[in-house]
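Visitor: I've got a few questions about how this one is put together. Could you walk me through it?

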Amino acid sequence: MPPKEPATSRMEVLQGTLDFIVLQALRWGPAHGYGLVQLIRAQSGNVLQVETGSLYPALQRLVRQSLIAAEWGMSANDRRVRMYRLTPKGRARLATERSRWEQFSRAIAGLMRPPAEER
Amino acid sequence: MSIFEWLRWRPGRGGDALSDQLSDEIRAHLEMAEADRIARGESADDAAHNARREFGNVALAYELARDQWAGPGQWVERLAQDLRFALRVLRRAPGFTAASILTIAVGVGACTALFSVVDATLLRPLPYPHPERLVRIEDDLRGLGSRDVGMSTPEWRDLERSGLFEFVSPAWYDDNNLTGLARPQRVSMLIVAPNYFSLLGVRPQLGATFAPNDKTPGFNGQVVISDGLWKRGFGADPHVLGRVVQLDSDSYRIIGVMPPGFQAPGPTQQERGTEVWPAFGFAGAPMSEASVQSRASVYPETFARLEAGHTIAEAQRRIDALVESLRRQYPAAYPPAVDWHVRLVPLQESLTGDVRQPLLFLLGAVALVLLIGCANVANLTLARSTTRGREMAVRQALGGAPARLIRQLLTETIVLAVLGGALGVALLLATRSSLVRLVPAGVPRLNDIAIDWNVAGFAFAASVAAGVCFGIAPALRIRRLDVTRVLREEGSRATPSADQKRMRRLLVAGEFAVSLMLLSACGLLMRSVWDLLHAPLGYDPTAVTVVRTRLPYPNDPREDHYGSVADESPFVREVLRRCLALPGVVSAALGSGAAVPLDHPAQDQNIFRVVFDRGTGRSDQPLIVTGSLVTPEYFSLLSMSLVRGRLFDDHDTDHSPSVAVVNEAMAHAYWPSEDPIGKRIKLSPRDTSWMTIVGVVANARTESLTGADVPLVFGSLYQRQGKHLAIFLRGRFETATIERQVRAEVQSIDSALPVFGGKALSETVVASIAVRRLSLELIGLFALTALFLAGIGIYGVVSYMVNERTGEIGLRLALGAERADVMRLLMGQGLAMAFTGGIAGVVGALIVSRVLAGTLLGVPQVDPLSLAASAAALTAVAFMGCYLPARRVIRVEPAMALRS
């Protein structure tokens, strides 16, 4: 087992949000699995850690739901990789998910506001 | 093996394109991660290692991802994969597999055998349309403590008018002599109303049944015959319809032949064997007008079919109301003290009432045997799972999800159990015919016993349940498997964990508990059968043979050659004279059917209501007694002892006042503080004149082996008429020979009389408890099997213990311990298991004996003797089971043991 890093520096992706995060990451263009892990980590400021054990099942799930499409292609350094991209259906789903997410995070933020500000 | 090879090796993958893609993808991922790490300056080795570590469990990720796209067909594929794997594993462990399969085969086979009987008799609906609407109507006189006393013609008509029933048919079983064919046949006959067959909803295979609305008074001159009689008596003649046959010299025309396999749904074995059905209006000759009008003159049975839309419970409520109003309307016929009730009994229940409890009890017992078998196989599986712990740990480390492994292990045990079950059913099918012969002939619907889909389904369900039963504990241990610990013990022998040892001990203790329950039940039954067979009977059946005959009941009284006592007495005297002259006969007597101890034919009316001469008896006692008729020699022939007064003698004839002899139970019940001698009674409805009690005989177990204190009244055969006659003979002769000789003598007096049923009285005594004896034999067999299995169980555990601790034992011996002490230590641990089980078993045994005492008369609630005997047997087995493996300690060489 790798030594555990402090909980504040790395967070595991919340259950149920992984699909949303993957869709969001694919908004910038097609990516392969390894690329997605890097991308998500980088975009979350090194906070979010995607378990590969969850990522591949999530990718398969999204393909099955036709939210993303997969095809074999070549990576930047000439490796045969499986590239994932958003489908129109995925794009539409992302929009609804995002508005729901914003609603949710506003609600959480409201709850977290220090009591002093309420007065 | 590299991870990629391992991926390719995964069983069940085939040339699956999606699987290939997934493993390629995961490989690419790892390669890129590795490349990045090298670019960041890690060494090639570190990079590969860290990339793998970062990825986590490759196989698990693969498996989970695969789950996502594999559709519903996947579980079939998995099941097939598990099955293949299970079969492979089992083939690799032939000893374990054979032992388990055999154990389960015996358990499931025995369970299935009993279930097939339960299914045929208790579960399967009767083979008639809408069997739920068929009832047997039973009249109880609760105030007199008697059940099912029969019904009168006026009551029958009341029921028919009630609007609750589509059909109501009285029935009267009798046997008869069928003549008019090549050879006279003794036949079983059921006199029924013309609607009987319409009531059941059965059709003949040939001809017709009676017109259901025929209201002809008396017999309508038609009979329906059984398939058996058709084949036996008429050679399956297709032109049998219209043939005229004689029953009791009255002529009947055959109008129909019932299909093979049709059985009259009656409560007795004789009635179920009915071969001839004459139709009778239950009014008109030979019934007198008085008996047609009388509410006291009853026939034995009534069957009915409810109108569509009525449930039995609802019909019962309305019958209760009807009975209430009839009691008000006819207060003389239904005095409140008698407390007359009419009960609707589902027909199926009335057929199986006697055997229901013994059957269910046996099924319970055999299920316990299966349970013990399961415990044994569970023990084997647990022992194996210790050795397989490494395999499981490796598979888990390689990504086998625990749920998947549990399913795999369960599949293995269920495959094992189903194989065992299949073998059990195969054995059952092979031995089927000889097994069916073991079932006592009194069990209803014997012909219906079959290994059909129902039974096969039961066997399958029992096997799967057994598989889950013995597989679940070892399988669930996967969850608690400490993967790293097991893997770290490289090279060292796999050792069972503490909870595993505990579980094995628990299983053995459980086996002993259940065995003790079975053994004590067996002990109780053995005790009761022994007691019943050795209790003083009050009469001496040895060297006594009973042969029966029957005088005709012609429908026209003018044709009756034996119509009065004066007509019958010369015949009785002549039979006695001729029988006494037969070789080997020392004494002879005649009596009515009810005079035969423990074997009263159903067709002979023998239950009567006692009527007292004014103020001569207590009226708060049950007034129903068994009444029989005998010649004076009867009491001395059976060695029944006179307590007071006198027995019958030759001066008691139809010219002298009627006399009666009662037993002590009768005397005590009605005249506890008075002398019964000289008191006058009548047995209703038989007697028209008073009988004066002249003697009291000692109580005897003539009605059942379980009790002697049943009130009895004996009348003289020279003063009252009996049609079903029993000839009692004491002496040295063969039963079959004497029956033939008696037949010749009787038929030389009257050639039309049948002579049959020759049977040694001692056999009758033994046969009267046939069901109980069979229960005893089966329970005994089950208990022995259980004991054997428990012995094997404890042997296995102790021998495992010895193996496992050889090193420790060697150390102890090297340090100077005595071998005997070490052996005692090991045996003590083994016996402790048995003892724990035994304690629990005593509690179970007490419950079992309570249940048994509730269902079987003559079984004590607590029987210390049988409990002690069971415990002793169990201790002996436990001792052997511990001693044999522990003895190996003697051979342990300390030096060898320590070095190994």
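Visitor: How many residues does the contact take from chain A and from chain B?
Guide: Keep in mind that we're looking at a predicted model. Counting heavy atoms within 4.5 Å as contact, chain B puts in 19 residues and chain A puts in 20.

Visitor: And how much area do chain A and chain B bury between them?
Guide: The size of an interface is often given as the accessible area lost when the parts come together. Here 56% of that area is on carbon and sulfur atoms. The total buried between chain A and chain B is about 2,000 Å².

Visitor: Which residues meet in a salt bridge at 3.3 Å, N to O?
Guide: Side chains of opposite charge can pair when their charged atoms come close. Across the interface of chain A and chain B there are 2 salt bridges, and 4 residue pairs are in polar contact between the chains. The salt bridge at 3.3 Å joins R82(A) and E25(B).

Visitor: Which element of chain A gives the most to the side that touches chain B?
Guide: Helix 2 (33-43), helix 3 and strand 5 (80-86) of chain A each supply at least two residues of that side. By class, the side of chain A that touches chain B has 9 nonpolar, 5 polar and 6 charged residues. The top contributor, with 8 residues, is helix 3 of chain A.

Visitor: How do helix 1 and helix 3 of chain A cross, and which word describes that?
Guide: The axes of helix 1 (residues 18-26) and helix 3 (residues 52-64) of chain A come within 10 Å and cross at roughly 75°. Their contact includes L18(A) and V22(A) from helix 1, and L55(A) and L62(A) from helix 3. By class, this contact has 7 nonpolar, 1 polar and 2 charged residues. Since 65 to 115 degrees is the range that counts, the word is roughly perpendicular.

Visitor: How many residues apart in sequence are the parts tied together by E301(B) and R136(B)?
Guide: The side chains of E301(B) and R136(B) meet in a salt bridge at 2.9 Å, N to O; over all chains, the count is 41 salt bridges. E301(B) sits in strand 11 of chain B and R136(B) in strand 1 of chain B, so the pair links parts whose separation in sequence is 165 residues.

Terms used
Residues are numbered from 1 along each chain as its sequence is written. Chains are lettered from A and ligands numbered from 1 in the order in which they are written. This is a predicted model: local features need pLDDT of at least 70, side-chain atom pairs count only at pLDDT 80 or more; totals for chains, interfaces and linings use all residues. Side-chain values use heavy atoms; hydrogens and water are left out. Axes are lines fitted to C-alpha atoms, for helices over the stretch in contact, and angles run from 0 to 180 degrees between N-to-C directions. Helices (H or I, at least four residues) and strands (E, at least two) are DSSP runs, numbered from the N terminus. Angles under 35 degrees count as roughly parallel, over 145 as roughly antiparallel, 65 to 115 as roughly perpendicular and the rest as oblique. Ala, Val, Leu, Ile, Met, Phe, Trp, Tyr, Cys and Pro count as nonpolar, Asp, Glu, Lys and Arg as charged, and the others, Gly among them, as polar. Buried area is the accessible area (1.4 Å probe) that two parts lose on being put together, summed over both. A salt bridge is a side-chain nitrogen of Lys or Arg within 4 Å of a carboxyl oxygen of Asp or Glu. A polar contact is a pair of N or O atoms within 3.5 Å; within protein, one must be able to donate a hydrogen and the other to accept it, and residues adjacent in sequence count only if both atoms are side-chain atoms.
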